[in-house]
There are 2 protein chains.
Amino acid sequence: MEKREDKQEEEQEQVVNPWEVTAKDGGKIDYDKLIDKFGCQRLEEPLVDRVQRLTGRPAHVFLRRGVFFAHRDFDEILNGYEKGKKFYLYTGRGPSSEALHLGHLVPFMFTKYLQDAFKVPLVIQLTDDEKCMWKNLSVEECQRLARENAKDIIACGFDITKTFIFSDFDYVGGSFYKNMVRIAKCVTYNKVGFLWSPFSLFSTSEFPFAVVQAAPSFPSSFPHLFSGKDDLRCLIPCAIDQDPYFRMTRDVAPRLGYHKPSLIESSFFPALQGETGKMSASDPNSAIYVTDSAKVIKNKINKYAFSGGQDSIEKHRELGANLEVDIPVKYLSFFLEDDAELEHIKTEYGAGRMLTGEVKKRLADVLTELVDRHRAARAAVTEEMVDAFMAVRPLPNMFD
Amino acid sequence: MEKREDKQEEEQEQVVNPWEVTAKDGGKIDYDKLIDKFGCQRLEEPLVDRVQRLTGRPAHVFLRRGVFFAHRDFDEILNGYEKGKKFYLYTGRGPSSEALHLGHLVPFMFTKYLQDAFKVPLVIQLTDDEKCMWKNLSVEECQRLARENAKDIIACGFDITKTFIFSDFDYVGGSFYKNMVRIAKCVTYNKVGFLWSPFSLFSTSEFPFAVVQAAPSFPSSFPHLFSGKDDLRCLIPCAIDQDPYFRMTRDVAPRLGYHKPSLIESSFFPALQGETGKMSASDPNSAIYVTDSAKVIKNKINKYAFSGGQDSIEKHRELGANLEVDIPVKYLSFFLEDDAELEHIKTEYGAGRMLTGEVKKRLADVLTELVDRHRAARAAVTEEMVDAFMAVRPLPNMFD
């Protein structure tokens with residue numbers, strides 16, 4: 001019996017890894033605890049200020065509002081940059097569905113800002129191989145989805161002279177495959193000796209793909225881009241659930257003669273139903289998709305967005321909204337760029353002078369504008385542009 | 001205690017798989033038991049006769065003397081061939097050492113015969129990736145060894161218009177990688193459901209390479225050779241310890257729309273010290289290498305080749321040699337092509353009229369001639385020839 005209770009206690013703890021994100025007791029993810037557990041660093045204000053100073057432009061909303069809240073050695077990237085040393089960005093996506101939702105756009109919007117601000121090259125991995133393995137999808141369907149997703153990614157505005165997008169199915173091989181085996185070799189030696197605890201996170205079947213995801217962290221995986229630049233640092237913007245992959249990668253890096261990749265890590269974009277809810281691909285009402293019409297967006301927000309407002313107008317006027325759990329306010333803090341207006345809404349809504357309906361209406365407008373803009377940009381992405389972004393080619397001006 | 005005894009009993013059973021070959025109780029490998037356990041078929045005389053009839057040439061020594069003693073669906077290959085349907089051959093080597101020994105040559109000598117007799121294309125996989133993973137060797141060293149081994153393989157006389165040799169490090173990618181993931185997907189689904197018992201043979205870390213070795217069994221892994229020929233059958237000559245890899249492959253094949261690859265399987269080439277001994281890369285005296293001089297060959301045979309002769313000449317004249325355990329006779333049965341002479345030696349030696357020294361001398365002559373011939377052929381293999389065999393190219397006359 002005691003054992004059983006132990007197990008229950010364990011199960012109530014929050015679980016965050018590449019395959020599962022579950023808060024404790026149905027509550028919110030405790031990001032402070034996560035930083036402690038993972039051993040990454042909090043992204044504090046002085047670092048944000050430094051980014052502004054070094055790039056000569058205001059920090060992105062996601063940076064100044066703490067959406068990207070943790071990092072590993074991001075300061076080392078900045079130290080190098082200050083001395084004139086460029087780096088490259090690496091991010092990715094598992095193409096398992098045709099339509100992206102807003103949460104999917106977050107890392108790409110932020111990566112576009114980093115590319116523009118630091119003027120650095122970017123590699124984007126589409127892990128169609130892993131999705132093929134774990135979803136009931138054929139190779140061909142995964143490659144089709146990868147191309148469709150590439151259109152959404154390109155629509156975020158990446159610079160074609162600095163960006164290489166690749167599908168694993170197309171690109172794995174050559175130098176990239178050699179790095180996969182080199183990485184696998186390090187990991188296995190660790191595993192056999194039980195020297196390396198983070199590895200225990202990877203199951204038998206995940207193992208090959210952990211290595212596929214690690215390989216782009218090393219410049220030699222891209223000989224057409226970074227030949228002779230083994231000293232180049234890599235910065236990976238990602239959600240914090242990907243941290244275990246890159247802990248493994250950072251452990252391996254020095255043994256293969258590379259810098260450890262740096263990370264800049266975001267919290268999770270919450271479901272409409274609240275931060276305890278999971279955005280589920282099987283429940284289209286848990287998220288706003290970039291394909292949703294203005295009407296659908298308005299309906300989803302009105303019907304499903306969890307409100308921190310009170311049950312009756314009287315009570316709301318008296319107590320105000322609970323901003324901590326309010327999804328419209330949370331979503332606005334991601335996508336309403338005007339700091340003053342956001343503060344105004346929070347003050348008025350928190351004090352009960354503004355009603356949930358008004359906040360939801362403002363959110364619907366903001367998201368409709370965002371989604372319309374994205375959709376127009378995506379419609380302009382041709383098959384030729386996808387081919388151009390995905391061509392294995394040198395990028396002679398990538399550091400300009 | 002009882003448990004312990006059980007374990008000992010288990011340990012005494014023979015173990016044959018791609019990673020271990022151990023006879024029961026230090027005796028000989030029981031090939032009949034192996035056929036039963038693996039579920040493959042014995043290669044009987046009628047099948048050998050049929051090969052002779054279909055190819056219009058005498059069966060290879062290895063075939064008529066039972067070195068290749070087992071098969072899976074070899075008869076289906078012949079059924080198709082009889083109706084004018086060609087197939088392709090697939091074999092390979094893990095390049096872990098520079099100098100090959102006679103045992104390494106056996107599958108290649110036999111494959112060359114099959115290519116010549118059936119006039120079919122051949123793909124030869126050099127698994128430098130697997131060797132890099134499991135031996136203390138760098139990627140570069142494994143690729144160097146792969147090229148060196150390719151020279152020995154080319155020296156066996158393969159037809160460049162019908163043969164594609166590839167290093168995994170160079171070739172894995174594209175269609176080949178897609179097939180790897182397709183295969184992995186089938187295997188994993190089986191594994192999860194515990195439906196598929198042979199999988200249990202593959203440990204966590206072997207898993208990716210089982211898939212790398214399976215992929216060449218499907219024609220679509222070679223689009224430059226077999227585009228639009230998904231219906232082409234594959235015949236794999238190999239030692240029987242590789243059977244578990246291809247049981248897995250055969251299980252997966254129909255689910256991916258391919259024929260199950262057929263196998264033709266050999267017994268193990270014994271160590272000089274006897275069939276109970278293991279040919280060990282760490283003991284150069286356990287094998288004859290293709291780099292050994294006439295003098296070294298003579299000395300190794302005289303000093304180490306396990307004799308079935310009696311302790312004294314008197315006893316030998318009286319009892320004769322025990323041919324069952326005699327290594328010189330065993331080696332002659334592999335490499336002395338003249339059936340009449342071999343029979344004569346066995347009769348005379350078995351009756352005690354011929355002495356061990358005489359048999360060993362004949363063996364030294366046979367092997368010296370073989371090794372000299374190989375060495376001369378290898379010396380004629382240029383780097384350009386290696387490049388030509390390993391070029392990813394169509395083979396327009398491969399079925400002529």
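**Figure 1. Chains A and B of the predicted model are related by a turn of 180 degrees.** Which C-alpha of chain B is nearest the axis? It is that of B:Gly173, at 2.1 Å. Both copies use the same surface: 100% of the contact residues of chain B recur in chain A.

**Figure 2. The interface of chain B and chain A joins 31 residues to 31 residues.** About 2,500 Å² is buried between the two chains. Carbon and sulfur atoms give 62% of that area. How many residue pairs are in polar contact across the interface? There are twelve, with both residues of each pair at pLDDT 80 or more.

**Figure 3. Helices α7, α8, α9, α10 and α11 of chain B each give two or more residues to the side that touches chain A.** In chain B, α7 covers 128–134 and α8 covers 139–155. Next come α9 (168–171), α10 (174–193) and α11 (207–214). Which element gives the most? α10(B) does, with ten residues. By class, this side of chain B has 15 nonpolar residues.

**Figure 4. B:Glu140 and A:Arg182 form a salt bridge between the chains.** Their side chains meet at 2.8 Å, N to O. Side chains of opposite charge can pair when their charged atoms come close. Across the interface of chain B and chain A there are two salt bridges. Over all chains, the structure holds 56.

**Figure 5. A salt bridge within chain B links B:Arg50 and B:Glu82.** The two side chains meet at 2.8 Å, N to O. Where do the partners lie? B:Arg50 is in helix α3 of chain B, residues 45–55. B:Glu82 is in helix α5 of chain B, residues 74–82. The pair therefore ties together parts that are 32 residues apart in sequence.

**Figure 6. Chain A contains 19 helices and nine strands.** Its C-alpha trace spans about 65 × 60 × 45 Å along the principal axes. How does the radius of gyration of chain A fit that of a compact globule? With 400 residues, such a globule would have a value near 21 Å. Chain A has 22 Å, which agrees.

Notes. Residues are numbered from 1 along each chain as its sequence is written. Chains are lettered from A and ligands numbered from 1 in the order in which they are written. This is a predicted model: local features need pLDDT of at least 70, side-chain atom pairs count only at pLDDT 80 or more; totals for chains, interfaces and linings use all residues. Side-chain values use heavy atoms; hydrogens and water are left out. Copies are superposed by least squares on the C-alpha atoms of residues with pLDDT of at least 70 in both. Contact means heavy atoms within 4.5 Å. Buried area is the accessible area (1.4 Å probe) that two parts lose on being put together, summed over both. A salt bridge is a side-chain nitrogen of Lys or Arg within 4 Å of a carboxyl oxygen of Asp or Glu. A polar contact is a pair of N or O atoms within 3.5 Å; within protein, one must be able to donate a hydrogen and the other to accept it, and residues adjacent in sequence count only if both atoms are side-chain atoms. Helices (H or I, at least four residues) and strands (E, at least two) are DSSP runs, numbered from the N terminus. Ala, Val, Leu, Ile, Met, Phe, Trp, Tyr, Cys and Pro count as nonpolar, Asp, Glu, Lys and Arg as charged, and the others, Gly among them, as polar. The radius of gyration is taken over C-alpha atoms; the globule rule is 2.2 Å times the number of residues to the power 0.38.
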